[in-house]
Amino acid sequence: MIVKTVMLTYPQTLQSAVQGTHPQVLAIGQFDGLHLGHASVILSAVRIARETGMQAAVMTFHPHPKEVMRKGDYEGYLTPLRDKEDILAGMGVDVLYVVEFNEEFSKLTPQQFAHDLLLPLQTRTAVVGFDFRFGHKGAGDEQLLRTLGEGEMTVETVPPFLLNGEKVSSSLIRGLLKRGDMDEASQWLGRPYSIRGIVIHGEKRGRTIGFPTANLELTDHYVTPAKGVYAVRVQYGEQELRGVMNLGVKPTFHENGMKPTFEVHLLDFDGQIYDQELKVDLVHYIRAERKFDSIDALISQIREDALTAARLLT
């Protein structure tokens with residue numbers, strides 16, 4: 001299934017977005033991460049849509065409000081837009097509305113958000129999380145949204161999703177990634193954390209020591225997890241490959257540091273893949289990055305890392 005994506009800038013493209021719409025059940029939220037908590041909201045919308053014969057839709061906002069308003073500790077996306085589309089397709093969503101979040105949109109009142117945006121899109125049921133806020137400075141909550149529906153739109157509120165007694169949240173997942181706790185991050189996401197990148201020409205040092213690597217230029221502004229070595233699964237076209245990835249600044253070769261690089265050594269694969277896109281699932285964190293006293297010590301450790309990755313990915 002492919003999700004139909006509608007890019008919407010308010011109010012400029014609202015009329016064109018409204019044309020051809022059908023009565024729908026709409027899950028509303030930022031949904032960065034599409035973790036288990038987000039999934040509970042979206043799957044509730046899909047279930048109601050199937051029960052009522054309506055369209056299942058999701059509304060999200062791009063760029064991230066924190067990025068636009070320069071507030072908080074925004075450090076990239078857990079799930080950039082393209083990744084959202086792929087995941088939502090697997091959840092049975094029919095339409096994804098991507099509303100451009102800009103300063104003008106941030107000033108919408110709750111009344112404008114409901115009457116000028118949701119109702120014209122034929123939203124019959126809005127599905128939101130228990131802590132949903134909307135409108136200028138978050139003035140609206142799910143109770144106000146229910147009032148603003150005025151009999152045309154009902155509101156379904158989904159309770160918090162708890163894992164081991166703790167509420168699943170994007171901010172906590174970001175913290176887990178920063179610590180390299182990939183196992184727990186995967187539990188909360190409901191899948192391994194993943195990135196996409198295009199294979200570019202790097203320093204080509206890996207091939208000289210027997211471990212050629214694919215140097216990735218990321219396709220989006222992803223959250224960067226802890227520096228170190230990871231066991232990864234790589235999707236290359238229709239192939240799924242095992243690999244070991246180093247994320248870091250290569251301190252053995254660079255004294256003053258550099259921009260972190262993502263370098264993947266593919267196990268059981270030998271071929272040229274420059275300019276190709278790879279999707280990389282970060283499955284396990286093996287160890288922190290460190291500086292080695294000699295190239296031989298580095299080679300020995302890389303060999304051990306590759307064996308560890310192969311074992312973890314069997």
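Helix 2 (residues 36-52) has 17 residues, which at 1.5 Å a residue should span 24 Å, and its end C-alpha atoms are 24 Å apart, in agreement. The expected span is 1.5 Å times one less than the number of residues. Helices (H or I, at least four residues) and strands (E, at least two) are DSSP runs numbered from the N terminus. The model is predicted: local features need pLDDT of at least 70 and side-chain atom pairs count only at pLDDT 80 or more, whereas totals for chains, interfaces and linings use all residues. Residues are numbered from 1 along each chain as its sequence is written, and side-chain values use heavy atoms, without hydrogens and water.

Among the buried residues of helix 2 are G37, V41, I42 and I48; buried means under 20% relative accessible area, exposed over 50% and partly exposed in between (1.4 Å probe, protein chains only). Their cover, judged by contact (heavy atoms within 4.5 Å), includes strand 3 (55-62), helix 4 (81-90) and helix 8 (170-179). G53 follows helix 2 and has a positive phi, near 75 degrees.

Strand 2 is largely enclosed by the rest of the structure, because five of its five residues are buried. Q24, L26 and I28 point one way from this strand, and V25 and A27 point the other way. In a regular strand the side chains alternate between the two faces of the sheet. Two strands pair if DSSP finds at least two bridges between them.

| Partner of strand 2 | Bridges | Sense |
|---|---|---|
| Strand 3 | five bridges | parallel |
| Strand 5 | four bridges | parallel |

V25 stands opposite A56 in strand 3, and A27 has V127 of strand 5 as its bridge partner.

**Helix 8**

The buried residues of helix 8 are S170, I173, R174, L176 and L177. They lie on the same side of the helix because they cover an arc of only 160 degrees around the axis, the arc being that of the directions from the helix axis to the C-beta atoms. The face turned away from the buried side carries the exposed residues S171 and R179. Helix 2, helix 9 and strand 11 are included in what covers the buried residues of helix 8.

**The barrel**

Six strands close into a barrel in the order 11-12-15-14-13-16, with antiparallel pairing. Strand 12 (residues 214-218) and strand 15 (residues 261-266) are joined by three bridges, and A214 stands opposite V264 in strand 15.
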